[in-house]
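Reader: I have not looked at this structure before. Please take me through its chain and some of its helix contacts.

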Amino acid sequence: MAASLGLVFFYAPLEAEQGFLQKIFYVHVPLAIVALCGFMLGGLFAIQHLRTRETRWDLRSYVTIHISLIFAVGTLVTGSIWAKGSWGHWWVWSEPTLVSFLIIFLLYATYQPLRFAIEDPERQARYASVFAVTAGAFVPLNYVAVNLSTAYVHPRVFSSTSNLPGSMALTLLVSLVATALLFATLCRYELTAKHARAQLRALRRRLSEEHPAPRARSAAPNLDRSDIAQPRRSSTGAQPATAMTARAGGSPSGTVTAQSVGRSGA
């Protein structure tokens with residue numbers, strides 16, 4: 001991201017007609033490309049979930065679509081700012097690229113409400129996967145339909161007729177890579193956070209010997225059913241060794257490990 005911003009502000013030349021305003025192009029276009037690719041990637045993860053019925057694929061599809069929606073909001077905001085500066089209007093309904101992207105955004109905006117409306121976790125994951133696959137197939141079809149249209153107003157960056165100078169093309173490429181890496185990092189962080197939250201809930205129940213509470217309705221996938229949240233017991237019935245420690249009085253270090261608990265129980 002630092003390299004991208006450095007190229008945008010200090011290397012890429014000013015555009016002849018729009019001037020400094022054109023530099024929003026290096027944010028708007030990468031956001032749009034990464035968001036659309038993220039939607040399609042969520043559909044691929046959904047196909048894997050329908051094939052294997054494994055929760056991890058449903059979680060990856062959910063997180064990918066979630067982050068793609070955030071990037072899509074950024075695309076619409078930066079596009080509106082660019083349209084206001086270039087055309088004098090925040091939105092131009094006659095521009096097919098803008099309208100088609102808005103349609104895709106509104107389609108995926110129903111993804112989380114759909115999940116929230118279904119209480120059963122297995123049925124929720126199955127229906128959401130079918131939606132993700134169908135919507136993911138719509139994205140490239142929509143792109144082809146826009147390219148076949150004749151009302152070209154939006155610049156075609158990657159077409160054969162593109163006349164971007166080398167410095168602008170390099171800046172756009174670096175910005176695209178930076179945005180893709182940001183997308184991957186945010187997805188990784190959200191996946192890690194959800195796994196850690198599921199592990200914490202499972203460990204709390206095991207330590208307090210409580211029965212699992214009924215799952216509240218949520219749009220997020222249920223990880224309590226997965227092997228990550230429910231570690232298997234060994235054949236002797238002892239708990240598996242973990243790095244988790246619990247406070248205990250009378251211990252010299254003030255902690256007692258899961259391994260020591262297993263030895264004392266034996």
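Predicted model: local features only at pLDDT ≥ 70, side-chain atom pairs only at ≥ 80, totals over all residues.

Reader: What share of the 266 residues of the protein chain counts as buried?

Author: Residues are numbered from 1 along each chain as its sequence is written. Buried means under 20% relative accessible area, exposed over 50%, and partly exposed in between, with a 1.4 Å probe and protein chains only. Of the 266 residues in the protein chain, the buried share is 37%.

Reader: Which pattern does the protein chain follow along the sequence?

Author: Helices (H or I, at least four residues) and strands (E, at least two) are DSSP runs, numbered from the N terminus. The protein chain has eight helices and two strands. Read along the sequence, their pattern is α-α-α-α-α-α-α-β-β-α.

Reader: Is Ala-2 buried or exposed?

Author: Ala-2 is part of helix H1, residues 2-10. Its C-alpha atom is separated by 8.6 Å from that of Ala-178, 176 residues apart along the chain. The relative accessible area of Ala-2 is 66%, which means that Ala-2 is exposed.

Reader: How are H1 and H7 oriented, roughly parallel or roughly antiparallel?

Author: Axes are lines fitted to C-alpha atoms, for helices over the stretch in contact, and angles run from 0 to 180 degrees between N-to-C directions. The axes of H1 and helix H7 (residues 166-208) come within 8 Å and cross at roughly 155°. Angles under 35 degrees count as roughly parallel, over 145 as roughly antiparallel, 65 to 115 as roughly perpendicular and the rest as oblique. H1 and H7 are therefore roughly antiparallel.

Reader: Which residues of H7 do Ala-3, Ser-4, Leu-7 and Val-8 in H1 meet?

Author: Contact means heavy atoms within 4.5 Å. By that rule, the four H1 residues Ala-3, Ser-4, Leu-7 and Val-8 meet, in H7, Thr-171, Val-174, Ser-175 and Ala-178.

Reader: How many residues of the contact of H3 with H4 are charged?

Author: Helix H3 (residues 55-87) and helix H4 (residues 96-109) pack at about 150°, with axes 10 Å apart. Their contact includes Leu-69 and Trp-87 of H3 and Phe-101 and Tyr-108 of H4. Ala, Val, Leu, Ile, Met, Phe, Trp, Tyr, Cys and Pro count as nonpolar, Asp, Glu, Lys and Arg as charged, and the others, Gly among them, as polar. The contact of H3 with H4 has twelve nonpolar residues, one polar and, as for charged residues, none.

Conventions
Heavy atoms only, no water.
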